[in-house]
Amino acid sequence: MAKAYTFKGLLTNNGWLENATVQLDSRGCITAIDTQANHPKAEYVNGYALPGFQNAHSHAFQYAMAGLAELHEGTGIPDDFWSWRTAMYSLALQISPNQLEAIATMLYAEMLRHGYTAVAEFHYLHHDRNGKPYNNLAELGERLVAAAQNAGIKITLVPMFYQQGGFGKPAEDKQKRFLSKTVDAYYQLLDSSQQAVLQYSHANLGMGIHSLRAVNEADIKTVCRDFQNNRPFHIHVAEQVKEIEDCLAFYGQRPVEWLLNNTPVNAHYHLVHATHLNDAEVQGIAKTQANVVLCPSTEGNLGDGLFRLADFKAHHGHWSIGTDSHVGLNPLEELRLLDYGQRLTTHKRHTFYQEGHGDSGFNAISMAWKTGRKAMGATHDAFFAVGQPLDALVMDAQAPLVACSTLKNLCNTLVYASDASNTLGTLVNGQWVVQHNQHQNGERISQGFFKALRELGVR
Ligand code: ZN
């Protein structure tokens with residue numbers, strides 16, 4: 001036995017285990033879990049361990065502009081998603097590989113501090129500032145993997161196929177860093193990215209299409225036909241009303257409708273946002289067992305709209321959460337925002353109720369975690385189990401409301417009435433990466449981040 005922890009509580013798929021001792025091997029994988037109080041060498045942790053959250057959607061570079069684009073200058077132009085996108089493009093055009101790595105390292109350290117232990121990086125910033133491929137096609141993907149390794153988070157790099165500027169429209173100059181002109185060019189990028197993820201034992205690869213507007217019809221069909229189900233497939237879909245209108249004008253079908261009719265959508269697909277759906281689309285996604293990735297803080301920030309969660313749930317649909325543009329990094333807050341959007345419109349409070357299971361906090365953690373694991377390309381679906389790495393967010397058992405709660409109310413106290421100040425730390429592979437809100441390499445990581453942001457001058 002290399003190490004052991006005794007937690008005041010450990011959340012399992014069947015509820016809380018009290019005084020649970022988790023024994024680990026030298027790699028931080030669990031070798032035994034028990035509740036017998038005879039482990040004098042175990043480190044006692046006066047906290048409640050949740051499975052590390054899975055962040056199923058991230059664009060790391062956008063962290064540099066989180067909280068910007070809120071100064072509305074009275075230009076007479078309505079500020080919306082598309083004006084935000086213009087600001088995002090100007091940032092994307094400036095960033096160097098070193099700056100990207102520094103920004104992503106800071107971001108991933110902050111994700112860990114809030115309890116995410118794995119991230120799916122939806123990566124479309126591929127080329128140099130002139131739009132020319134780097135000698136290493138996956139230079140920037142490799143920097144994201146290095147950032148994940150430096151911060152200590154697990155990463156699924158999802159290099160995106162991005163080809164054109166809109167439905168039937170050539171790419172704009174400001175999109176030049178994103179582009180793979182052909183399917184072959186995209187596959188070469190994927191091959192190089194495969195090499196990049198081999199450099200870190202906790203990295204793996206996904207694939208996908210940025211959005212229906214970003215790739216032509218024939219090439220979307222080719223990529224989806226070639227897809228082997230051996231990794232997760234991610235795509236942005238139906239986020240904005242204009243996107244629905246443009247898709248209807250071009251294809252005569254709505255985005256999700258077109259995707260369902262023209263590609264072999266299945267349980268390996270992760271549809272990011274899927275905000276604007278009609279009844280057939282809600283049912284269609286659920287029927288194919290495709291998953292939806294919801295990013296409530298970003299979707300709220302950008303004024304996207306509300307996902308039809310109640311209807312999707314009625315058809316047993318699966319969803320995960322992501323932080324997308326990173327205006328919010330707290331998984332508990334994402335779950336609350338998701339719930340409150342539904343409550344505000346339905347005037348009901350049982351968003352996460354499952355037949356026979358009324359514990360909202362537990363149900364939300366469970367769905368976000370299990371579907372999030374699939375978005376990473378992982379297969380196991382037990383929170384903590386022998387053979388799996390110990391990845392956990394540990395909440396402080398002495399936080400006032402937590403200290404007074406019975407186990408019955410604990411998940412809901414954590415999800416609905418806690419924040420990052422109530423955390424003891426985050427464990428990845430059985431090691432404390434963050435304790436008391438301090439990342440183990442916090443000083444060095446923030447220095448690199450400050451330097452990059454000074455150079456960029458965007459804030
Ligand atoms: Zn996104």
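Colleague: Let us begin with the metal. Which residues coordinate the zinc ion?

Modeller: In this predicted model, the zinc ion is held by His57, His59 and His236, each through NE2, and by Asp324 through OD. The distances run from 2.1 to 2.6 Å.

Colleague: What is the geometry of the site of the zinc ion?

Modeller: The site is irregular, with angles of 82 to 175° among the four donor atoms. A tetrahedral site would need all angles between 85 and 135 degrees.

Colleague: And what spacing do the donors follow along the chain?

Modeller: The spacing is H-x1-H-x176-H-x87-D. His57 and Asp324 are 267 residues apart, so this pair links distant parts of the chain. His57 belongs to strand S5, residues 53–58. Asp324 sits in the loop between strand S13 (318–321) and helix H11 (331–346).

Colleague: Is Asp324 buried or exposed?

Modeller: Asp324 counts as buried because its relative accessibility is 4%, and the cut-off for buried is under 20%. His57 is buried as well. The backbone of Asp324 also deserves a remark: its phi is positive, about 50°, although the residue is not a glycine.

Colleague: Staying with S12, where is Cys295?

Modeller: Cys295 is placed in the loop between strand S12 (291–294) and helix H9 (296–301). Its relative accessibility is 1%, so Cys295 counts as buried.

Colleague: Which residues does Cys295 touch?

Modeller: Setting aside residues up to four places away in sequence, Cys295 touches His57, Val272, His273, Gly322, Asp324 and Glu334. Two names in that list, His57 and Asp324, also coordinate the zinc ion. The C-alpha atoms of Cys295 and Leu337 are 9.3 Å apart, and 42 residues separate the two along the chain.

Colleague: What about Ser297, which residues is it in contact with?

Modeller: Beyond its neighbours within four places in sequence, Ser297 is in contact with Val327, Gly328, Glu334 and Leu337. Ser297 is part of helix H9 and counts as buried because its relative accessibility is 10%.

Colleague: Changing topic, what is the order of the strands in the open sheet?

Modeller: Eight strands form that sheet, in the order S3-S2-S1-S4-S14-S15-S16-S17, with mixed pairing. Strand S3 (30–34) and strand S17 (438–439) stand at the edges with a single partner strand each, so one side of each has no neighbour in the sheet.

Colleague: What holds such strands together?

Modeller: Strands of a sheet pair through backbone hydrogen bonds, in either the parallel or the antiparallel sense.

Colleague: Do S1 and S4 pair in the parallel or the antiparallel sense?

Modeller: S1 (residues 3–12) and S4 (residues 43–51) pair in the parallel sense, over five bridges. Thr6 stands opposite Tyr44 in S4. On to the next pair: S4 runs antiparallel to strand S14 (residues 392–396), and five bridges join them. There, Leu50 has Leu393 in S14 as its bridge partner.

Colleague: How many bridges pair S15 and S16?

Modeller: Four bridges pair S15 (residues 423–428) with S16 (residues 431–435), in the antiparallel sense. Leu427 stands opposite Trp432 in S16.

Colleague: Which residues is Gly152 in contact with?

Modeller: Apart from its neighbours within four places in sequence, Gly152 is in contact with Leu112, Tyr200, Val428 and Val433. Gly152 lies in the loop between helix H3 (139–151) and strand S7 (154–161). Gly152 counts as buried because its relative accessibility is 16%.

Colleague: Finally, the rings. How many aromatic pairs does the structure hold?

Modeller: There are 27 aromatic pairs. In one of them, the rings of Phe307 and Phe312 have centres 5.2 Å apart and planes at 80°, so this pair is edge-to-face. Both residues, Phe307 and Phe312, are buried.

Colleague: Which residues do ring pairs link into a cluster?

Modeller: Phe61, Tyr89, Tyr124, Tyr162 and Phe178 are linked in that way. A charged residue meets a ring elsewhere: Lys242 lies over the face of Trp82, at 5.1 Å from the ring centre.

Note on methods. Residues numbered from 1 in each chain as written. Predicted model: local features only at pLDDT ≥ 70, side-chain atom pairs only at ≥ 80, totals over all residues. Heavy atoms only, no water. Pairing = 2+ DSSP bridges. Helix = DSSP H or I, 4+ residues; strand = E, 2+ residues; numbered from the N terminus. Donors = N, O, S within 2.8 Å, 3.2 Å for Na, K, Ca; no water. Tetrahedral: all angles 85-135°; square planar, octahedral: opposite > 155°, others 65-115°. Buried < 20%, exposed > 50% of the residue type's maximum accessible area, 1.4 Å probe, protein only. Phe/Tyr/Trp six-rings, centres within 6.5 Å; stacked < 30°, edge-to-face > 60°. Lys NZ or Arg CZ within 6 Å of the ring centre and 35° of its normal. Contact = heavy atoms within 4.5 Å.
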